[in-house]
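Open the model in your viewer and keep the selection tool at hand. We will go stop by stop.

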Amino acid sequence: MLDFTLALVGAGPLPELSMREGALQLADRFSAELVPLACGSDPHSGLQALASRQRDHNRPTLLRLSGDAAMAEGSSGSWLDALAAWRCPVLLLVQPNAAGLIPGMAPASVALCHSLNIPLVGLAQLGGRWDLTARRRDGLPWCGHLDTTDDGEAASDALVRSIQQRWKRMNPAISSELARLAS
């Protein structure tokens, strides 16, 4: 298990700029190292390199995967398969469509994570207008809303608290490190 790593995975195709801005904001809020990797790279060697780096320091790491993490990459399988094998917690990032609706890739991605036994922290809505009533109604494990605009800071605070709580429950080893960084 990658004790201090949280993988940020897009639920469906997300614009690279949105993923990068959201990941940078989360890395800043968690005082975490941000490691971007492309889904076209070999997942197991990428995770092995990440595990080796973690031995040198106990700092949270956010792994930002660019591309389709569910696509099989030759004989090594998909990134999601590798994340499941390494027991690496995942936060799914979801961007609403132009009408403000959550695309069907969100529940499909949650179902895939469950079927692979991936430790799923939950989902974060990336941008758009947050509709708490609709999010509760869809029954998905939402952590909250990640808004990269200045006026979205309160919603992002709630998101960070939710992610912290869920990540701590999955991995008690991260609990003391997150508490130390928060003080």
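In what order do the elements of the chain run from the N terminus on? They run β-α-β-α-β-α-β-α-β-α-β-α-α. That is seven helices and six strands. Helices (H or I, at least four residues) and strands (E, at least two) are DSSP runs, numbered from the N terminus.

Two notes before you click. Residues are numbered from 1 along each chain as its sequence is written, and side-chain values use heavy atoms, with hydrogens and water left out. This is a predicted model: local features need pLDDT of at least 70, side-chain atom pairs count only at pLDDT 80 or more, and totals for chains, interfaces and linings use all residues.

**Stop 1: the whole chain**

Show everything. Of the 183 residues in the chain, 49% are buried. Buried means under 20% relative accessible area, exposed over 50%, and partly exposed in between (1.4 Å probe, protein chains only). The chain exposes about 8500 Å², and carbon and sulfur atoms supply 52% of that area. Accessible areas come from the Shrake-Rupley method with a 1.4 Å probe; for residues, only the protein chains shown count as cover.

Now think about contacts, meaning heavy atoms within 4.5 Å. Among contacts in the chain with a separation of 6 or more, 72% link residues 24 or more positions apart.

**Stop 2**

Two strands pair if DSSP finds at least two bridges between them.

**Stop 2: strand 1**

Select residues 5-10, which form strand 1. Six of its six residues are buried. Thr5, Ala7 and Val9 point one way, while Leu6, Leu8 and Gly10 point the other way.

Look to both partners. Strand 1 and strand 3 pair in the parallel sense over four bridges. Four bridges also join strand 1 to strand 4, again parallel. Click Leu8: its bridge partner in strand 3 is Arg64, and its bridge partner in strand 4 is Leu91. Val9 has Leu92 as its bridge partner in strand 4.

Carry on from Leu91. Its bridge partner in strand 5 is Gly122. Strand 4 and strand 5 pair in the parallel sense over five bridges. In strand 5, seven of seven residues are buried.

**Stop 3**

Is Ser109 buried or exposed? Ser109 counts as buried because its relative accessibility is 10%. A polar atom of its side chain lies 2.7 Å from the backbone oxygen of Met105. Beyond four places in sequence, Ser109 is in contact with Ala11, Gly12 and Leu92. Now select Ala70, 39 residues away along the chain: the C-alpha atoms of Ser109 and Ala70 are separated by 8.7 Å.

**Stop 3: the nonpolar cores**

In soluble globular proteins, nonpolar side chains tend to be buried together. A nonpolar core here is a set of buried Ala, Val, Leu, Ile, Met, Phe, Trp, Tyr and Cys residues joined through side-chain atoms within 4.5 Å. Select Val9, Leu63 and Leu83: of the 30 residues in the largest core, they touch the most other members. Helix 3 gives the largest share of this core, five residues. Another core lies apart, with 21 residues, among them Phe30, Ala32, Cys143 and Leu146.

**Stop 4: Ser66**

Finish on strand 3, residues 61-66, at Ser66. Ser66 counts as buried because its relative accessibility is 18%. Its side chain makes a polar contact of 3.2 Å with that of Glu16. A polar contact is a pair of N or O atoms within 3.5 Å; within protein, one must be able to donate a hydrogen and the other to accept it, and residues adjacent in sequence count only if both atoms are side-chain atoms. Leaving out residues up to four places away in sequence, Ser66 touches Glu16, Leu37, Ala38 and Cys39.
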